[in-house]
Amino acid sequence: AKYAELIAGHGIDCDFTRETAVTYVTAKSSIGTIQKEVDAAQRIGLPAQLLPSLDLPFPVAAAISLPDQGQFHPRKYLHKIVEVLAARGVDLYEETWVRDVSDGTPARVETSGGTVRADAVVLANHSPSPYSILFFTRMTPKRSYVLALEAAPPIPKGMYYFPGTPHFSLRTQPHAGEELLLVGGQNHKTGQHESAAGRYRLLEAEARKHFQIRSVRFSWSTQDNVVMDKVPYIGKVPVTKNVYLAIGFGGWGMTHSMVAALLLTDLLKGTVNDWKLLYDPARIKLKGATDALHQNLDFVKHVVTDHLPGRDGIDPATLAPGEGTTGTAGRRKMAAARDPEGSLHSVSATCTHMGCGLVFNDAELSWDCPCHGSRF
């Protein structure tokens, strides 16, 4: 509703429509889970319905539908918001490296372009350095993939999401006079994959099983952090007076960024907001404790195994353009990759965060950390 208000009030052309959001399952054993979701939604007054089938080119066991949800193009929306802010005298700085943030009155932000002093600082990024040590053990970084496809009709209207493994989502997007089909999924923990490029191929293969795909028009990936109890951290950083954050959106950034905007505005103004305790970054909950244990054991495993003496030497001559690998060069581990033009690049194979070994991302030609999601 807040998005709809801003889009209408500022005349933002961002393909905003009202669509039905549908979450479906394919196994009969999951029907009870969908029924509980419907019951919970109806108890708080949402017009959710249980559907035994859907008009999709594959069978489903059950689904929950929620009508009148918002769908829009986030980048088009943000471009207009930038114009609105600039017109109101808000200064926006890009390509500025934030080196340090310190609490105080005022708070200070040390950047590559100078020092900024402010009554309050909001860290709206994946890992809020220098306070990340408070949070990275309670979050898991994940990557997900999207293809924009030209497909033969009929293309389903609405927003569809399968929460199983692997995740799969469907929606449409107008582009240059045609309706593109957006398919998403193939989630995995950052740095823990055999081939990122292979994830795109798997996603395309899944789409081709159900639709007549004419071409792949666009592809991109996303990264986000999932908090162990599934609720983002939005509010004041513990042990600080004037530093706030908004992190851990878990793949639902278009929703939780607006939640964060509304909640942080109230917190900065000193206005009471009923959401404060729910999203409080200082909260400690047992829910998700098992996931947190696995995340931290995973970190220990990588730190130990990644620093064992390596047996595999790197032979750069065997790398084709777009390929990368890690191994030993002399007595030290290193990472080597060849860019699309054929030039060889050699870097450290160790993440600068906590020392885990890096993994090559063959889709984006980056080095990804399997522990806490850093990317280089």
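Reader: On what basis are residues numbered, and which pLDDT applies to local features?
Author: Residues are counted from 1 along each chain as its sequence is written, and side-chain values rest on heavy atoms, with hydrogens and water left out. As this is a predicted model, totals for chains, interfaces and linings use all residues, side-chain atom pairs count only at pLDDT 80 or more, and local features need pLDDT of at least 70.

Reader: In what order do the eight strands of the open sheet with mixed pairing lie?
Author: Strands here are DSSP runs of E with at least two residues, helices are runs of H or I with at least four residues, and both are numbered from the N terminus. Two strands pair if DSSP finds at least two bridges between them. On that basis the eight strands form an open sheet of mixed pairing, in the order β2-β3-β1-β9-β10-β11-β8-β12.

Reader: Which strands stand at the edges of this sheet?
Author: An edge strand here has a single partner strand, so one side of it is left without a neighbour in the sheet. The two strands in that position are β2 (49–51) and β12 (213–227).

Reader: Which residue of β3 is the bridge partner of Gln49?
Author: Strands β2 and β3 (residues 62–71) run antiparallel and are joined by three bridges. In β3, Gln49 has as its bridge partner Ser65.

Reader: Which strands does helix α2 touch as it packs on the sheet?
Author: Contact means heavy atoms within 4.5 Å. Helix α2 (residues 31–43) has a direction that makes about 45° with that of β3. The strands it touches are β1 (17–25), β2 and β3.

Reader: At what angle to β8 does helix α4 run?
Author: Helix α4 (residues 196–210) lies across β8 (139–151), β10, β11 and β12. Its angle to β8 is about 50°.

Reader: Which residue in the turn between β10 and β11 has a positive phi?
Author: Strand β10 (residues 168–175) pairs with β9 (residues 159–162) in the antiparallel sense over three bridges, and β9 and β10 form a hairpin with five residues between them. Eight bridges join β10 to the antiparallel strand β11 (residues 178–189). This second hairpin has two residues between its strands, and the turn residue with a positive phi, of about 50°, is Ala176.

Reader: Which residue of β11 is the bridge partner of Ser169?
Author: Ser169 of β10 is the bridge partner of Tyr161. Ser169 is also bridged to a residue in β11, namely Gly184.

Reader: How far apart are the C-alpha atoms of Tyr161 and Thr23?
Author: Tyr161 is found in strand β9 and touches residues including Val22, Thr23, Tyr24 and Trp252. Tyr161 and Thr23 are 138 residues apart along the chain, yet their C-alpha atoms are separated by 4.8 Å.

Reader: Is Tyr161 buried, exposed or partly exposed?
Author: Buried means under 20% relative accessible area, exposed over 50%, and partly exposed in between (1.4 Å probe, protein chains only). Tyr161 has a relative accessibility of 22%, so it counts as partly exposed.

Reader: How are α1 and α5 oriented, roughly parallel or roughly perpendicular?
Author: Helix α1 (residues 2–9) packs on helix α5 (residues 253–269) at an angle of about 85°, with the axes 10 Å apart. Angles under 35 degrees count as roughly parallel, over 145 as roughly antiparallel, 65 to 115 as roughly perpendicular and the rest as oblique. The orientation of α1 to α5 is therefore roughly perpendicular.

Reader: Which cysteines form the disulfide?
Author: A disulfide is a pair of cysteine sulfur atoms within 2.5 Å, and the structure holds one. Its sulfur atoms are 2.0 Å apart, and the cysteines are Cys356 and Cys371.

Notes. Axes fitted to C-alpha atoms, helices over the stretch in contact; angles between N-to-C directions. Lists of a residue's contacts leave out its neighbours within four places in sequence.
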